[in-house]
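Me: I'm new to this one, could you walk me through a few parts of it?

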Amino acid sequence: MSTLLKISGSYNSCKGSIKKLIKDITNQMNRKNFFAHREKIIDMSELTYIDSNLSVIIFGFIKSIITASSIFAVNIFKILPPKHDALKQVLYKNNFCKLWNDEALEDTHKTIIKIAEYKNTTDCIESTISDFYELFLNLKMSENDIYKFIAYLGEVFHNCFQHGNSKSVYFSGQFFPQKHELDVTIFNFGKTFKQNISNFIQDEKYISWAFLPQTSTDNSLGMGMCKFLDLLKEYNADIIMISDNEIYTIENGTTKDEIHRDLNLGGTLLNIKFKLDEYNIIKKC
């Protein structure tokens, strides 16, 4: 059996590392006749580290490969998990292991938001209530603020399905109790910001346009993103958003929107660090 996809090295939640992960995978998928081979190995054996929430990116790509390959009647896949024991434990706790048909391990610390694949907005909302309600109550957040947080996050999922025409949205997260930080990653292969907005503006900074107040397409794309921006400001959150060749970041209050000619993501990735520190929680209660 020949190796179809090899994922190795170490990846964390910084912009350069996320970009490298996407490039490492998409460069291999763009090879000629990528889907034509009848026998396939997806080799993760030399992957040494990845943030738990970021592993949903690899999960989403592998699911897309399996789905696309079914068109060619290719159903022989062998996924080689990481050799690194600590990383393998994480992938068994966050539900990644179901790709190689193993059962997940219990997360005794209850800090991992398991990888999930959603097919509609309702499933997203119901699942995030289950994921976050008890966590936020333990942080003494009021119920009104809990449901507001979930509703605003739900706007992002809604955009993925309604405006991105996504068939699936992939989601995962990790809570860090000592830092009071919640990291979440949302990933889909739907329409990009460029595809949605290029008929409305003559520019390359499509994500920036979607975040501007009072901007919307004919089906109100911009309104949901403005609500989401309010949530980011409320929790002093950092984000990395990648769509097509555009990388939009808010880090430590500084916003950047950059075009990367060497990047081409056919979908949208959103990585968020919510800072749930005492100041944010006390001012809400």
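Predicted model: local features only at pLDDT ≥ 70, side-chain atom pairs only at ≥ 80, totals over all residues.

Me: What order do the strands of the open sheet have?
Reply: The seven strands run β6-β7-β8-β12-β9-β10-β11 with antiparallel pairing, where strands are DSSP E runs of at least two residues, numbered from the N terminus, and two of them pair if DSSP finds at least two bridges between them.

Me: And which strands stand at the edges?
Reply: β6 and β11 (254–259) do, and because each has a single partner strand, one side of each is left without a neighbour in the sheet.

Me: How many bridges join β10 to β11?
Reply: Six bridges join β10 (residues 246–251) to its antiparallel partner β11, and E251 stands opposite T254 in β11.

Me: Changing topic, is S17 buried or exposed?
Reply: S17 is buried, with a relative accessible area of 11%, since buried means under 20%, exposed over 50% and partly exposed in between, using a 1.4 Å probe and protein chains only. S17 is found in helix α1 (residues 15–29), helices being DSSP H or I runs of at least four residues.

Me: What about D102, where is that?
Reply: D102 lies in the loop between α3 (85–93) and β6 (112–118), and counts as partly exposed at 35% relative accessibility. Its C-alpha is 8.0 Å from that of Y92, with the two residues 10 apart in sequence.

Definitions and conventions: Residues numbered from 1 in each chain as written. Heavy atoms only, no water.
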